[in-house]
Amino acid sequence: MTASSLESQLVVGAILFALGMIGFLTRRNLILIVLSTELMLHGVSLNLTAFGRYHGNPQGQVFTIFVLTIAACEAGLALSLILTLYQRRKSLDVFLWSNLGEDDLPILSGQSTVPQTKLADPNADLPHLTPAGRAPKTPSTKT
Amino acid sequence: MKWSLENSLVLLPLVLGWLAVWWLLPQQRARSRILGGLLAVGALLALQATMLPPAGNLVRDGLFYLFAATAILSAGLMITDGNPVYAALWFAVTTLSVCGLFLLNSAPFLAAATIIVYAGAIIVTFLFVIMLAQQTATANYDHRAVQPLVASTLSFILLGALLFALQEWGGIDGKVNGPLQEGPFVAQDDGVRANVFSQPPMSNKTEIGSMRVLGRSLFSDYLYAVELAGTVLLIATIGAIAIAPRRSQGTL
């Protein structure tokens, strides 16, 4: 058994996949969650090239090129989604999106136990009128 | 109990690695990173002793151990670092080490393409977004992991199952860990043609992993898949442009 034989490469690929899974499950930053999936893709690519080398055909490397293509698409889409989400809540915390309902709807499930980060301005994206001029007289002050 | 005694050699790096990752994951109270680092190094040494025995070829072994250890350690540092900028940089180090492993697997074109796409494009754009979105260096949510005990336990159970299956695995076609071919890595004709554009492998002079062999396989056997991948790229581009915030809606 040689050190760079098939099994050793598969062991390294499995470890990278497991570490990426831990990162995906534990991080709260939206960007790091996406980066962890890229780490899992690295483990898979390593497996593919090792099998290609073992069987003596270029198919493993061709599959890795497709994995690279899909990873690029995924990164572009994920970044544009993250930018849109960041523009609405001004934070990269994934727990701010655990409740997708409107603010005035009743909360059906239990609140999460993890402390939330403070919102900068939850209604920043909504249009609002600037107060201008004199305040109108109320009927009580007339009499 | 008998089973665990027999397989304790595989369980040792798993338990050490689980302890190291669980210890190093960002918690409310700061923990000593030195202890976690020592645990991780111990896990790597135990893994090398049990699962990754060396071969005779000194240079190849050294390069494999170097790249594998760098990849695993920097991946662990990436998922445990509290600062997202440093995490992205550790991911770049992981990418470079994985590209070294690609080189050992006779895939030089793939290694170059991965470095260009990941280190050159993906990580740079991720860093841009991190620096745009987080002007303050540290945020509260980066220092609190979500259920670190459950996540690391589940992932290491999965890893243990994978490693155990690999250890019990008899190899493909009854070949148990046959040594790799020495010398150039040339294609073997298996007589299978994927579609009408497929061509037989080239003469035994051209190495797999060169752009010539890869291009022939890509544009003959996988012609339809290449067209589909191009379509997916186009759709992803249109989608990213449509989803990304407009300038009229205000910038970040």
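I started with two helices of chain B and listed who meets whom: in α5(B), B:Pro84, B:Val85, B:Ala88, B:Phe91, B:Ala92, B:Thr95, B:Leu96, B:Cys99, B:Phe102 and B:Leu103 meet residues of α6(B), among them B:Pro108, B:Leu110, B:Tyr118 and B:Ile130. Contact here asks for C-beta atoms, placed from the backbone, within 7 Å. Nonpolar covers Ala, Val, Leu, Ile, Met, Phe, Trp, Tyr, Cys and Pro; charged covers Asp, Glu, Lys and Arg; the others, Gly among them, are polar.

This is a predicted model, where local features need pLDDT of at least 70 and side-chain atom pairs pLDDT 80 or more, while totals for chains, interfaces and linings use all residues. Residues are numbered from 1 along each chain as its sequence is written, and chains are lettered from A and ligands numbered from 1 in the order in which they are written.

Next I checked the angle: α5 (residues 84–104) and α6 (residues 108–133) of chain B pack at about 175°, axes 9 Å apart. Axes are lines fitted to C-alpha atoms, for helices over the stretch in contact, and angles run from 0 to 180 degrees between N-to-C directions. The pair is therefore roughly antiparallel, a label for angles over 145 degrees.

Then I turned to the chains: 83 residues of chain B are in contact with 63 of chain A. The chain B side has 61 nonpolar, 18 polar and 4 charged residues.

Last, I noted that chain A has 4 helices and 0 strands (DSSP runs numbered from the N terminus: H or I, at least four residues, for helices; E, at least two, for strands).

Technical notes:
Angles under 35 degrees count as roughly parallel, over 145 as roughly antiparallel, 65 to 115 as roughly perpendicular and the rest as oblique.
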